[in-house]
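Subject: Structure handover

Hello,

Here is the structure for you to look over.

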Amino acid sequence: MTSQAADGPETVAASRRSKITPEREQEFFDAVLEQVRACGYDSVTMEGVAASARCSKATLYRQWRTKPQFVAAALRASRQTRFDGIDTGTLAGDLREAARAAGAWSSKDTRLLQALGHALMEDPELKRALHEALIEPELQALREILRRGVERGEVAADHPALEYIPAQIFGVLRARPMLEGEDADPEYIVRFVEAAVLPTLGLT
């Protein structure tokens, strides 16, 4: 797929009138993101996504006129907070559970980030979509976990390490594949939290 719009008289208004169900739309999104992970952003083609989703190339172009628009829409549709529902009653417990959750999806998200690679630097819309879908929801959830810990009196509100905890956790998720050639799986992230994050906050 190229970033060029498909030939033909379709307009934005026409594309908006196109009828596809939310379930079918999600199939298209899943197909394009899986191709990005498997092949890399630059190698994704409209033909490949259409074949994977069992539809025509024209169907996809009627909905999303360019490759960046299509991938950005797929990223936004994948938005979710993996830390939803984490509330063990203690900050240490919440951070351990967040670590397990982060480790469970790190492989898939790391492949996506690596596959998007240079495209994120070239296309601000893709970068915004990735941030909205995969980064900001998790940052907000981690900040909420830390806020509850402060409210319970487990850590001082002015503790200098608080603002760095999300960066520590997300940093090790991205760094281990590069440094050691292995995913940061749940066991690894939990060990990291117990060895580096909890002691920094004065927790056991």
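Contact here means heavy atoms within 4.5 Å. On that basis, eleven residues of domain 1 touch 15 residues of domain 2.

Some ground rules. This is a predicted model: local features need pLDDT of at least 70, side-chain atom pairs count only at pLDDT 80 or more, and totals for chains, interfaces and linings use all residues. Residues are numbered from 1 along each chain as its sequence is written, and side-chain values use heavy atoms, with hydrogens and water left out.

Overall fold. The protein chain has ten helices and zero strands. Both are DSSP runs, numbered from the N terminus: helices are H or I with at least four residues, strands are E with at least two. The C-alpha atoms fill a box of roughly 65 × 35 × 25 Å along the principal axes.

Domains. The assignment gives domain 1 (22-78) and domain 2 (91-201). Such bounds come from an automatic or database domain assignment. The two centres, taken over C-alpha atoms, are 27 Å apart.

Interface. Domain 1 and domain 2 bury about 1,200 Å² between them, with 67% of it on carbon and sulfur atoms. Arg37, Leu75 and Arg76 supply 55% of the area that domain 1 buries against domain 2, more than any other three residues. Buried area is the accessible area (1.4 Å probe) that two parts lose on being put together, summed over both. Two salt bridges are counted between the domains. The criterion is a side-chain nitrogen of Lys or Arg within 4 Å of a carboxyl oxygen of Asp or Glu. Arginine 76 also forms a salt bridge with glutamate 125, with the closest N and O atoms 2.7 Å apart.

The largest pocket has a volume of about 220 Å³. A pocket is an open set of points on a 1 Å grid over the protein atoms alone, where a 1.4 Å probe fits, with protein on both sides within 12 Å along at least five of seven lines; lining residues have an atom within 4 Å of a point. Volume is the space filled by probe spheres set on the points, which are joined across faces, edges and corners.

The lining has 13 residues, and Leu33, Arg37, Ser78, Gln80 and Lys108 lie nearest the centre. Helices α2 (22-39) and α6 (91-116) are the elements that give two or more residues to it. The largest share, five residues, comes from α2.

Where does the largest pocket lie? Both domain 1 and domain 2 give residues to its lining, so the pocket lies between them.

Best wishes
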